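Thanks for asking me to look this one over with you. Below are my notes, written for someone opening the model for the first time.

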Amino acid sequence: MKIAFVYDVIYPYVKGGVEKRIHELALRLSARGHDVHIIGMKYWEGPDLIRKDGVTLHGICPAQPLYADGRRTIGEAINFSAHIIPFLRREEFDIIDCQQFPYFPCFPVKFSSVMKKKPFVITWHEVWGDYWYEYLGWKGVFGKITERMVAGFTQNRVSVSGTTAKKLHCLGVRDEVHIIPNGIDPGHIRSIPTGTKSSDLIFVGRLIKEKHVDVLVRAFLLLLKESPDRTLLILGDGPERKAITSLVKDLALEERVLLQPFLDSHDEVIGTMKASHVCVIPSTREGFGIAALEALACGLPVITVDHPDNAIRELITEETGFLASLSADDLADKIRVALCRYPEMVPACKASTETYDWDRIVDRAETYYQVLTAR
């Protein structure tokens, strides 16, 4: 099959869960003999089309900033979508897997599918629903309408989690939603040596409001009153970085809290996780939570927020982590328990991730694409 993934940003030039998913699926599908293409913005020097690890990357327009004032820019999404139209007019694919966000690219992909009578899939990583109003105020009504429109573009819907699938049904989707989760490479993770810098707690992810890293910092302050030698590593970057840096300084936590941007090597991230004891991701909005899955594979219990929009909850059991409310006090209580219990939780944490092996997941994706193209 000639398979195309459409998403505006491309791994490893931009690091995130969606980009990593596409990267991992593309590598494995290519290794199985498929002709795999990733269509996004151009992040590299030289020709617009390059081959990397057996996968063809298409930079169909110059890379643009993704965020302005802490929000995804509409202009970037529209510009990328406009460049998809002439690209798909020239190119032929057996199937296109278009990521639902940032919505606008789904329009030209839908149009191309109708004109060329080729199947396409929309992979859903999140469903925002009423969160649009929190994100954009009254203008959120337009985002909500767009999201509902895109949900009706095709019956070929993939969701990365049960939480997102349920929210799709809340949008009015009556057809089956195929759940093909994100994954990890357990064997590779086991082979990565433990990092040299240890920390008691680690957060890994983009620094955005919905991750509530500020609540984690305040919870950590409560822990320090009892155990002043504890350490917290915040690994990531994003629009909230400046605010988090200021909070750490205001609370005089510079010696105990280390803020570090995303590492160049993903193996370094895994090694850093292995050198930690507990992973805390107090997010209230997660379509899946691949950082949490990787932490579990490293043997770290995971603490997250018990919120209906947080799909990380699907990964957590009594043996693998803890669910907290979004308060510094409750988060601190759960962290205390986790720091006491984490040595005995390591085997269960690692075992819980075996079903998320990318090799198993690509089996499901490949079979699904083959069924659609056969029709």
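**Notes on the model**

1. Let us begin with a pair of helices. Helix H8 passes helix H12 in a right-handed crossing. H8 covers residues 213–224 and H12 covers residues 328–351; their axes come within 8 Å and cross at roughly 60°. That angle makes H8 oblique to H12. Please keep in mind throughout that this is a predicted model.

2. Which residues of H8 and H12 meet? On the H8 side they are Val-215, Leu-216, Arg-218, Ala-219, Leu-222 and Leu-223. On the H12 side they are Ala-328, Asp-329, Leu-331, Ala-332, Ile-335 and Arg-336.

3. H8 has another partner, helix H9. The axes of H8 and H9 (residues 241–250) come within 10 Å and cross at roughly 15°. This makes H8 roughly parallel to H9, because an angle under 35 degrees counts as roughly parallel. The crossing of H8 and H9 is right-handed. H8 contributes Val-213, Asp-214, Val-217 and Arg-218 to the contact, while H9 contributes Ile-244, Leu-247 and Val-248. Here the residues divide into 5 nonpolar, no polar and 2 charged.

4. Now step back to the whole chain. The protein has 13 helices and 16 strands. Its radius of gyration is 21 Å, close to the 21 Å that the globule rule gives for 375 residues, so the protein is as compact as a globular protein of that length. Along the principal axes, the C-alpha trace spans about 65 × 45 × 45 Å.

5. Of the 375 residues, 54% count as buried. If you take the contacts between residues at least 6 apart in sequence, 68% of them join residues at least 24 apart.

6. In H6 (residues 162–170), the buried residues include Gly-162, Thr-163, Thr-164, Ala-165, Lys-167 and Leu-168. What do the buried residues of H6 pack against? Their neighbours are strand S8 (120–124), helix H5 (140–151), strand S9 (157–159) and strand S10 (178–179). Just after H6 comes Gly-172, with a positive phi of about 110°.

7. Helix H5 deserves a look of its own. Phe-142 sits in H5. Is Phe-142 buried or exposed? Its relative accessibility is 53%, so Phe-142 counts as exposed. Trp-132 is 10 residues away from Phe-142 in sequence, and the two are 8.5 Å apart in space, C-alpha to C-alpha. Ile-145 is also found in H5, and with 46% relative accessibility Ile-145 counts as partly exposed. Ile-145 and Val-158 are 13 residues apart in sequence and 20 Å apart in space, again C-alpha to C-alpha.

8. Please check the backbone at two prolines. A cis peptide bond joins Tyr-11 and Pro-12, with omega about 5°. Pro-12 belongs to the loop between strand S1 (2–6) and helix H1 (17–31). The bond from Phe-101 to Pro-102 is cis as well, with omega near 10°. Pro-102 is placed in the loop between strand S7 (95–99) and helix H3 (106–116).

9. His-212 is not a glycine, yet has a positive phi of about 55°. This residue lies in the loop between strand S11 (199–204) and H8. With a relative accessibility of 17%, His-212 counts as buried, because buried means under 20%. Ala-252, also not a glycine, has a positive phi of about 55°. Its place is the loop between H9 and strand S13 (257–260). Is Ala-252 buried or exposed? At a relative accessible area of 59%, Ala-252 is exposed.

Definitions and conventions:
Residues are numbered from 1 along each chain as its sequence is written. This is a predicted model: local features need pLDDT of at least 70, side-chain atom pairs count only at pLDDT 80 or more; totals for chains, interfaces and linings use all residues. Side-chain values use heavy atoms; hydrogens and water are left out. Axes are lines fitted to C-alpha atoms, for helices over the stretch in contact, and angles run from 0 to 180 degrees between N-to-C directions. Helices (H or I, at least four residues) and strands (E, at least two) are DSSP runs, numbered from the N terminus. Angles under 35 degrees count as roughly parallel, over 145 as roughly antiparallel, 65 to 115 as roughly perpendicular and the rest as oblique. A crossing is left-handed if the near helix is turned anticlockwise from the far one by less than a right angle, and right-handed if clockwise. Contact means heavy atoms within 4.5 Å. The radius of gyration is taken over C-alpha atoms; the globule rule is 2.2 Å times the number of residues to the power 0.38. Buried means under 20% relative accessible area, exposed over 50%, partly exposed in between (1.4 Å probe, protein chains only). Ala, Val, Leu, Ile, Met, Phe, Trp, Tyr, Cys and Pro count as nonpolar, Asp, Glu, Lys and Arg as charged, and the others, Gly among them, as polar.
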